[in-house]
Amino acid sequence: MNRSALALIVLLLVSLSIFAQTPDAAKSNGGGAATASSIPPAPAITDTSTPTELARAALAAQGGDKFKNLKSTWVTGDANLYAPNSSQSLPGKFSIVTVGDKIRIDINAQPVFNFKQIYDGQQSYSSVPGVQMPPASKFGLMVLAKYDQPGYTVSALPNDKKLRGFRIVDGEGNTTDFFIDSTNARVMKYLIPYNGLMFGTENTKFKEVDGVLIPMNFTQRLEMPQGAFFAEYKVKDVKLNTPIGNDVFAIQ
């Protein structure tokens, strides 16, 4: 796999789904209740719950208004990346800073590559030519915060075993498919179609931070013609709502 292809895969896998968390928060697994949770229980899900009611419950499980009002995240951690048909991982470290649509990603997986990507809200820069990213707010968990805004539509999806499904689409056609735990409304899996590819994320562990529930450990899968790329992510340190200067996103 060449440097540009690997950088693109890592960029898209990380940028479409990573969210802030902190190691000092109360721990929980994917299906259990968080210890000493300050998040009120989500509205009950029944067999007759509509897609909009499922989205409302999922947002409440994430922390409701506190999740919606996140100003910034700064995440660092470890990643193990697997090429198709390979059992050997490529270890690396990542740093991701987001403020609204702005995002900066630094990935150090030397000696294979050392990668930087910046989107300053209007234009992109990549240390690998031809590798660009979508605004981070158009896909994944952040879409939950906008499901009831003008231009967004929520529709039904078939259930995935015990997980209830629904789809959110924005006015530009950007789509995220959500699958939530029917007992607590936590987002356990979501799928993102982008540029003809399908990105899948499964959350395996959560932490609560200042009234916001976010994934800590998660895996991702990207189906491509040459096979499936797989990645495991673990966040080590995060800062939430920290003032971040525009110089962090300066394109030089």
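Student: What does Asn241 count as by its relative accessibility, and why?

Tutor: Asn241 counts as partly exposed because its relative accessibility is 40%. The classes are buried for under 20% relative accessible area, exposed for over 50%, and partly exposed in between, with a 1.4 Å probe and protein chains only. This is a predicted model, in which local features need pLDDT of at least 70 and side-chain atom pairs count only at pLDDT 80 or more, while totals for chains, interfaces and linings use all residues. Residues are numbered from 1 along each chain as its sequence is written, and side-chain values use heavy atoms, with hydrogens and water left out.

Asn241 is found in the segment after strand S13 (227-240). Helices (H or I, at least four residues) and strands (E, at least two) are DSSP runs, numbered from the N terminus. Leaving out residues up to four places away in sequence, Asn241 touches Asn69, Leu70, Lys71 and Ser72; contact means heavy atoms within 4.5 Å. Thr98 is 143 residues from Asn241 along the chain, and their C-alpha atoms are separated by 9.9 Å.

Now the wider chain. The protein chain has 3 helices and 13 strands. Of its 252 residues, 50% are buried. Taking contacts between residues at least 6 apart in sequence, 55% join residues at least 24 apart.

H2 (residues 51-62) has 12 residues, so at 1.5 Å a residue it should span 16 Å, and the 17 Å between its end C-alpha atoms agrees. The expected span is 1.5 Å times one less than the number of residues. Buried residues in H2 include Leu54, Ala58 and Leu59. After H2 comes Gly63, with a positive phi near 125°.

Lys161, at about 55°, is in the loop between strand S7 (153-160) and S8. Lys161 counts as exposed because its relative accessibility is 80%. Ala185, at about 70°, lies in the loop between S9 and S10. Its relative accessibility is 1%, so Ala185 counts as buried.

Next, the interior. In soluble globular proteins, nonpolar side chains tend to be buried together. A nonpolar core is a set of buried Ala, Val, Leu, Ile, Met, Phe, Trp, Tyr and Cys residues joined through side-chain atoms within 4.5 Å. The largest one has 49 residues, and those with the most contacts inside it include Phe94, Phe166, Phe178 and Ile180. A second, separate core has 7 residues, including Ile39, Leu163, Met188 and Phe206.

Aromatic rings come next. Rings of Phe, Tyr and Trp (its six-membered ring) pair if their centres lie within 6.5 Å; planes under 30 degrees apart count as stacked, over 60 as edge-to-face and the rest as tilted. This rule gives 4 aromatic pairs. Phe166 and Phe178 are stacked, because their ring centres are 5.2 Å apart and their planes are at 20°. The two are 12 residues apart, with Phe166 in strand S8 (residues 163-169) and Phe178 in strand S9 (residues 175-181). Phe166 is buried, at 0% relative accessibility, and Phe178 is buried at 0% as well. Phe178 and Tyr190 have ring centres 6.2 Å apart and planes at 40°, so that pair is tilted. Tyr190 lies in strand S10 (residues 187-194), so this pair ties S9 to a part 12 residues away in sequence. Phe94, Phe218 and Tyr233 are linked by ring pairs into a cluster.

Rings also meet charges. A charge sits over a ring if NZ of Lys or CZ of Arg is within 6 Å of the ring centre and within 35 degrees of the ring normal. The charged end of Arg186 sits over the ring of Phe206, 5.4 Å from its centre, and Lys239 lies over the face of Trp74, 5.7 Å from the ring centre.
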